[in-house]
Amino acid sequence: MNHVDWRAEAAAIWRPRQQRLRPVRHLDPVALEDLLGVDTQKRKLIQNTERFLAGKPANHALLWGSRGTGKSSLVKALLNEYAPRGLRMIEVEKHDLVDLPEIVDDLRERAQRFVVYCDDIAFEDGETQYKHLKSVLEGSLELPPENVRLYATSNRRHLVSEYQSDNEQSRVVGREIHHGDVVEEKISLSDRFGLSLSFYPIDEARYFEIVDHLFGEVADRDQLHILARRFSMERGGRSGRTARQFYNQFVGEV
């Protein structure tokens, strides 16, 4: 495995074919103050990250919910905010999770504190990469490293595909629902994330607030909102991502 100078580098991406970490030299510049409409999620993840950096107990985090609602941007903004205080981040793709135990082994004895970032993960029937997460989340014979936490984003609450047939083994005992083995296996993965943050679509008022934040002062704000509404309808929904795409298309024209 290629060694990264973590004293100088804030982030790296795992390249499986070369079996090395490639330093990230051009970070996405998104800042925490750029993220609107996710104040509760932001506060909880900041609190968890600050505890982690301080050497206090901290949880692995799962950010789940609707697409384009700021899950990935929040993780990137955290790196920009806390890299000067020693936070380091490694991005690993879902299909490369088989290498995760070896990556983490290389981090265990290092002085820095690492977040392993897995973006947009979800597992279909027959995919088994999620099993490699478990040694990082809870350990095996060896305790998981104290200086590594996993932050993952997903559109699915339980990360894996769920079907109505999964509930056929569920039964009611007294007043409690006891799930069958299939459901228990699927829920068990997301349960290993001590911090679970949900993200939902935004209403039009919040969408306009994000648009206004991106554009700043404009000559005709009503016209800006008309264009923003039309753009969101064409895109099929409102989100922070939609607002950013609208800004990219119309900045300098309104």
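The legends below describe close-up views of a predicted model.

Local features need pLDDT of at least 70 and side-chain atom pairs count only at pLDDT 80 or more, while totals for chains, interfaces and linings use all residues. Residues are numbered from 1 along each chain as its sequence is written, and side-chain values use heavy atoms, with hydrogens and water left out.

**Overview. The protein has eight helices and nine strands.**
Helices (H or I, at least four residues) and strands (E, at least two) are DSSP runs, numbered from the N terminus. The protein has 254 residues, and 45% of them are buried. Buried means under 20% relative accessible area, exposed over 50%, and partly exposed in between (1.4 Å probe, protein chains only). Contact means heavy atoms within 4.5 Å. Of the contacts with a separation of 6 or more, 74% join residues 24 or more positions apart.

**View 1. Asn147 sits in the loop between α4 (134-137) and β6 (148-154).**
Asn147 is buried, at a relative accessible area of 5%. A polar atom of the Asn147 side chain lies 3.2 Å from the backbone oxygen of Arg110. A polar contact is a pair of N or O atoms within 3.5 Å; within protein, one must be able to donate a hydrogen and the other to accept it, and residues adjacent in sequence count only if both atoms are side-chain atoms. Leaving aside neighbours within four places in sequence, Asn147 touches Phe52, Leu107, Arg108, Arg110, Gln112, Arg113 and Phe114.

**View 2. Thr69 lies in the loop between β3 (61-65) and α2 (71-82).**
Thr69 is buried, with a relative accessible area of 9%. A polar atom of its side chain is 2.6 Å from the backbone oxygen of Ser66. Beyond its neighbours within four places in sequence, Thr69 is in contact with Val38, Phe199, Tyr200 and Pro201.

**View 3. Helix α6 (residues 204-215) crosses helix α7 (residues 221-235) at roughly 120°.**
The two axes come within 10 Å. Axes are lines fitted to C-alpha atoms, for helices over the stretch in contact, and angles run from 0 to 180 degrees between N-to-C directions. The angle therefore makes α6 oblique to α7. Angles under 35 degrees count as roughly parallel, over 145 as roughly antiparallel, 65 to 115 as roughly perpendicular and the rest as oblique. From α6, the contact uses Glu204, Tyr207, Phe208, Val211, Asp212 and Phe215. From α7, it uses Arg221, Leu224, His225, Ala228, Arg229, Phe231 and Ser232. By class, this contact has seven nonpolar, two polar and four charged residues. Ala, Val, Leu, Ile, Met, Phe, Trp, Tyr, Cys and Pro count as nonpolar, Asp, Glu, Lys and Arg as charged, and the others, Gly among them, as polar.

**View 4. Gln19 and Asp120 have positive phi values.**
Most residues other than glycine have a negative phi. Gln19 has a phi near 50°. Gln19 is in the loop between β1 (11-15) and β2 (20-23). Gln19 is partly exposed, with a relative accessible area of 39%. Asp120 has a phi of about 55°. Asp120 lies in the loop between β5 (113-118) and α4.

**View 5. Asp106 belongs to helix α3 (residues 100-107).**
Asp106 is partly exposed, with a relative accessible area of 22%. His3 is 103 residues away along the chain, yet the C-alpha atoms of Asp106 and His3 are separated by 9.0 Å.
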